[in-house]
Amino acid sequence: MSDGGRRRAYIGSFTAAGGPGIVTAAISPDDGALTVLGTVDGAPDPSYLALSPDGRTLYAVSETAEGAVAAYRVNGDGPEPVGSPVPVDGSGPTHLTVFAGHVLTANYGSGSVTAVPVRTDGSLAPALSGTLPHTGSGPHPQRQQSPHAHQVQPDPSGRWAVSVDLGTDSVRVCTLAGGAPTLHREIALRPGSGPRHLAFHPDGRRAYVLNELSPTLVVCDWDATEGLLKPLTELPVLPGAPAGDAYPSGVAVSPDGRFVWTATRGEDILSVFTADPDAAVPKLTATVPCGGHWPRALTASDRFLYVANERSGDVAWFTVDPTTGIPHHGGAIPVQAASCVVIA
């Protein structure tokens, strides 16, 4: 919170496609509307962002061939760069998270996960040898010739880091040993599914894996004691066959766990699943337009959803019906090549 209790949204973008870098916006508590406060361009292609647990430092991947991560001090209406970007010993990082005193990056191009140490002041130390290479491939002739780590995040217990690999059709459960990610277990998913992102249910016992190469959602059990993900069933995220391109991109769970939302590029829709607490499998109940074109990322916060529409160059906000979970479009702000939204 700051300035009259307003929350902040931090928006990543692709500078190589004309994006402004990192945009800071104020959030209206009444309707979730965004108002741009400023921009900062401290690293090229800051496509994904993450906040430190105390909210004082913002981290951004630099999704370039060389691959790097940058730190920003959260100060007033705009973050300020802290030091220079740190190489991640991997190419094309697409996602990052804060875990066990490190920033972990999922490096799509090289198919690896890197751990970058965080100093006590929130700045970054060199990664050194803290990288876990993924191995394997999948049946898709263009997209799965090698590993492509697309996301990494902690589980709700904070004991495990979970990475999702589109190229190998698998999810890896890791720990940190001596500052390096160490594989605990690899869980295979359907060949050719192309998993992209995973979201945990607030109860810490379920997880949802969104597939990019097939428009489906995998419902899983999660055992935090054993660090074990168990796939249960695979559900379509579209009500029928896609009319053309259909590449799911983002998945989010409501704070109360009653709804799951997914975004699908090409079809440019948001899908609504009702997660009945008495049923193991959520039900697809509605779809709505995403408010733009090519929704790259989806973020849930309180009563609102935020969608980064990459190709239409905007970030749309939606108010969620508390009974049905259906999002209602409220408006949008222009952000060229928008790629993610993080709420503080």
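The following legends describe close-up views of a predicted model.

**View 1. An edge-to-face aromatic pair, Phe 200 and Trp 222.** A search of the whole structure finds 3 aromatic pairs. In the pair of Phe 200 and Trp 222, the ring centres are 5.6 Å apart and the planes stand at 65°; the pair is therefore edge-to-face, since planes over 60 degrees apart fall in that class. Distant parts of the chain are linked by this pair: Phe 200 belongs to strand 17 (residues 195-200) and Trp 222 to strand 19 (residues 216-223), with 22 residues separating the two. Both Phe 200 and Trp 222 are buried.

**View 2. The hairpin of strand 19 and strand 20.** Strand 19, which contains Trp 222, runs antiparallel to strand 20 (residues 228-236), and 8 bridges join the two strands. Across this pairing, Cys 220 stands opposite Pro 231 of strand 20. The hairpin has 4 residues between its strands, and Gly 227 adopts a positive phi near 65°.

**View 3. Arg 311 over the face of Trp 294.** The distance from Arg 311 to the centre of the Trp 294 ring is 3.7 Å.

**View 4. The largest pocket.** This pocket has a volume of about 1100 Å³. Its lining comprises 38 residues, of which Tyr 48, Gln 153, Ala 199, Thr 299 and Ala 300 are the closest to the centre of the pocket. Several strands give two or more residues to the lining, among them strand 4 (49-51), strand 9 (93-99), strand 13 (149-154) and strand 17. Strand 21 (247-253), strand 25 (295-301) and strand 29 (338-343) also give two or more residues each. Strand 25 supplies the largest share of the lining, 6 residues. By class, the lining of the largest pocket holds 23 nonpolar, 12 polar and 3 charged residues.

**View 5. The second largest pocket.** The volume of the second largest pocket is about 160 Å³. A set of 13 residues lines this pocket, and those nearest its centre are Ser 52, Asp 54, Thr 57, Tyr 59 and Gly 122. The lining of the second largest pocket divides by class into 4 nonpolar, 5 polar and 4 charged residues.

Conventions
Residues numbered from 1 in each chain as written. Predicted model: local features only at pLDDT ≥ 70, side-chain atom pairs only at ≥ 80, totals over all residues. Heavy atoms only, no water. Phe/Tyr/Trp six-rings, centres within 6.5 Å; stacked < 30°, edge-to-face > 60°. Buried < 20%, exposed > 50% of the residue type's maximum accessible area, 1.4 Å probe, protein only. Lys NZ or Arg CZ within 6 Å of the ring centre and 35° of its normal. Pairing = 2+ DSSP bridges. 1 Å grid on protein atoms, 1.4 Å probe; cavity = no way out; pocket = protein on both sides within 12 Å on 5 of 7 lines; lining within 4 Å. Points joined across faces, edges and corners; volume = space filled by probe spheres on them. Nonpolar A, V, L, I, M, F, W, Y, C, P; charged D, E, K, R; others polar.
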